[in-house]
Amino acid sequence: MKLTLHITIAISEAPMPLEKSAYVFSDNTARDTQLEIVERLGFRKLGSEDKFLGSASTEDREAFSRFGICLCDELWNARNKAYHEQEFPTCLGVLAKVNSACSAMRRAWEEPVRIDAQVSWDSDRDRLNGRRTVYVDAACKDLRATAGIVMKEADGSFSGALTVQLAVSNPLEAETLALYHAVLWCASQNWRQVVFVSDCQSLVRGIHSRAAPNWRLASSFWLLLHAIDLHPQAEFVWLPRTLNQVAHNVCQWAFNFPFSGVLSAEDLAPLVAM
């Protein structure tokens, strides 16, 4: 919606149709960068053709749609960095990110759906009894996030935790990367038969269907799926926030300090008791 608003405001300033979709920066320096991108991509010429994509194949149309989606998203991110952080990306830097996002989106869209017993969103906590369980949550605010990952042994005791500071501002992406780090942590400890618990239902559903819950998360979600594929014995379960409170407490504590690292059982005890 914000991107659409900026496009609407800029329409009167952008001379060519396809330039209007990119002309969203707030100052002259950033706008010059935007126009350089437009020139390099050949949008001036393309925008002047009445039958642009008129004879293109379905595959080409889909590729152009992916490119347009990723371009608008990256231009919006670049605009925010320019306006809020005074960081002005280069044309080639933006284009590289766009191409990378396009590749990740295509892989996510074309990956065949695989539904098996590996993943479940059953909220019955009895399934966790007697099994090593990893509770995962993420806190996200003010353009940063923190992952909280807590290990519960088969005997019901909490043996440790891991917290990771994340440079993301999207809550769903934070949840995705938190689960990704949880899988990597278990792999580093050679813990194989593990049940991962998340209170992010859309993410667990996405794992089940092997489809990113949001196209903007394609790159992060693909990393998570790749890590999961290396650990076929792992299971993924959705539980409501009330049953994932221990991970919530840990990530909130680590977010407020902030802290990244491993917590022992003794360090974890006060947070479990909250």
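The model is predicted, so local features need pLDDT of at least 70, side-chain atom pairs count only at pLDDT 80 or more, and totals for chains, interfaces and linings use all residues. Residues are numbered from 1 along each chain as its sequence is written, and side-chain values use heavy atoms, with hydrogens and water left out.

A cavity is a set of points, on a 1 Å grid over the protein atoms alone, where a 1.4 Å probe fits but cannot get out; lining residues have an atom within 4 Å of a point. Grid points are joined across faces, edges and corners, and a volume is the space filled by probe spheres set on the points. The model holds 2 cavities of 30 Å³ or more.

Strands (E, at least two residues) are DSSP runs, numbered from the N terminus. Two strands pair if DSSP finds at least two bridges between them. Strands E4 (residues 195-198) and E5 run parallel and are joined by 4 bridges. Val197 has Val237 as its bridge partner in E5. From strand E5 (residues 235-238), Glu235 and Val237 point one way, and Phe236 and Trp238 point the other way. All four are buried, that is, under 20% relative accessible area (1.4 Å probe, protein chains only).

Methods
On a 1 Å grid over the protein atoms alone, a cavity is a set of points where a 1.4 Å probe fits but cannot get out, and a pocket is an open set with protein on both sides within 12 Å along at least five of seven lines; lining residues have an atom within 4 Å of a point. Buried means under 20% relative accessible area, exposed over 50%, partly exposed in between (1.4 Å probe, protein chains only).
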